[in-house]
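Thanks for making the time this morning; I would like to walk through a handful of local features, one after another. Please have the sequence and the model open while I talk.

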Amino acid sequence: MAIWNLGSINIDHIYRLDHLVRPGETIAAHSYALGLGGKGANQSVAAARAGARVHHIGAMGHGDDWVIAALHKAGVDTTHVARLHDHATGHAIILLDAQGENAIVIHPGANRALNLNPAALTAMRPGDTLLIQNETNLQAPAAATARERGLRVIYSAAPFDVEAVRAMLGLATILAMNAGEAEAMFAALGENPPVEGLLITRGAQGAEYRDLRSGRITHCPAFRVQPVDTTGAGDCFAGYFAAALDAGLTIADALRRASAAAAIQVTRPGAGDAMPTAVETDAFLKDHP
């Protein structure tokens, strides 16, 4: 099996601060770092490091070759990443406070100028998984094609937009979101959208999977760690969860494995660069029976 990820690729500009900037305030950062990010790239790296075969479908500007190198190093196939000369690579300004909380501003750039590559679509096979987030264009057409070809479609409804979610109903197999996004969706669309399952992450309160066909809810507690940087934690969870399902694990085991990976990830600075390997996750689970 394989995971195909129609996803964003961002360059993260990370600033560490005593506290998040207030309106009208100017403060100096303690440090600055450059890293790989974007919800799509983060999920691709997480799934690849979890052991899945991952193909990324996306777009970047011209240059920034270190980004492609970082994806390759993580084990992600980038054959279907287009290089667009008239668009900047997507990027994010990430502010981190002393407690590891963040505030993020994103410029989509090339991520919103995607064209679906026919070669990528025809290479998808029944039983594969398509990951999608809400940081690119063409989510619904890609999902429709994937479902026609017999793929599982996991849609991370973030950044949350109710109309984008509405367009994916009937196309996504699983909706993945955090607790705040879930509440916003329930308020707008009701608690039983037409999908097979809901994956809801709740930070320190753990995660749950709602099987909307059977009504069964599977809970998984969070592992207790001291967070350093929570950027990309949800993407780590989603990527590992997708990889676990791709490998044939049960929902309960997929939740536990994804929770362990996210627990490791938040103890490290950065987003895509902080995703743990399968070996590291195995060791963590062994130490936390």
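Predicted model: local features only at pLDDT ≥ 70, side-chain atom pairs only at ≥ 80, totals over all residues.

D64 sits in the loop between β4 (54–61) and α2 (65–74), where helices (H or I, at least four residues) and strands (E, at least two) are DSSP runs numbered from the N terminus. Phi of D64 is near 55°, a positive value in a residue other than glycine. D64 counts as partly exposed because its relative accessibility is 28%, with buried meaning under 20% relative accessible area, exposed over 50%, and partly exposed in between (1.4 Å probe, protein chains only).

Residues are numbered from 1 along each chain as its sequence is written, and side-chain values use heavy atoms, with hydrogens and water left out.

L138 also has a positive phi, of about 70°, although it is not a glycine. L138 belongs to the loop between β8 and α4 (139–148), and at 25% relative accessibility it counts as partly exposed. Turning to the peptide bonds, the one from A158 to P159 is cis, with omega near -5°, and P159 is found in the loop between β9 (152–156) and α5. As background to these features, most residues other than glycine have a negative phi, and most peptide bonds are trans.

Now to the charged side chains. How many salt bridges does a search of the whole structure find? The search finds twelve, a salt bridge being a side-chain nitrogen of Lys or Arg within 4 Å of a carboxyl oxygen of Asp or Glu. One of them pairs R166 with E163, the closest N and O atoms being 3.3 Å apart. Both residues lie in helix α5 (residues 162–168), three residues apart, about one turn of the helix. R166 is partly exposed at a relative accessible area of 40%, and E163 is partly exposed at 47%.

R213 meets E196 in a salt bridge (3.3 Å, N to O). Because R213 lies in the loop between β12 (207–211) and β13 (217–220), and E196 in the loop between α6 (179–189) and β11 (197–201), the pair ties together parts that are 17 residues apart in sequence. The side chain of R213 also meets that of D211 in a salt bridge (3.4 Å, N to O). As for accessibility, R213 counts as exposed at 60%, E196 is partly exposed with a relative accessible area of 30%, and D211 is buried, with a relative accessible area of 16%. Salt bridges that share partners also join E191, R202, E208 and R210 into one network.

Leaving aside neighbours within four places in sequence, D12 is in contact (heavy atoms within 4.5 Å) with residues including A33, L34, G35, A92, I94 and A271.

D128 lies in the loop between α3 (118–123) and β8 (129–133), and at 5% relative accessibility it counts as buried. Although D128 and W4 are 124 residues apart in sequence, they are 7.5 Å apart in space, C-alpha to C-alpha. Not counting residues up to four places away in sequence, D128 touches M1, A2, W4, L151 and R152.

I will end with a helix pair. The axes of helix α7 (residues 233–246) and helix α8 (residues 251–265) come within 8 Å and cross at roughly 145°, the axes being lines fitted to C-alpha atoms, for helices over the stretch in contact, with angles running from 0 to 180 degrees between N-to-C directions. Among the residues of α7 that meet α8 are F237, Y240 and F241, and those on the α8 side include I251, L255 and R257. The residues of this contact divide into 13 nonpolar, two polar and one charged, where Ala, Val, Leu, Ile, Met, Phe, Trp, Tyr, Cys and Pro count as nonpolar, Asp, Glu, Lys and Arg as charged, and the others, Gly among them, as polar.
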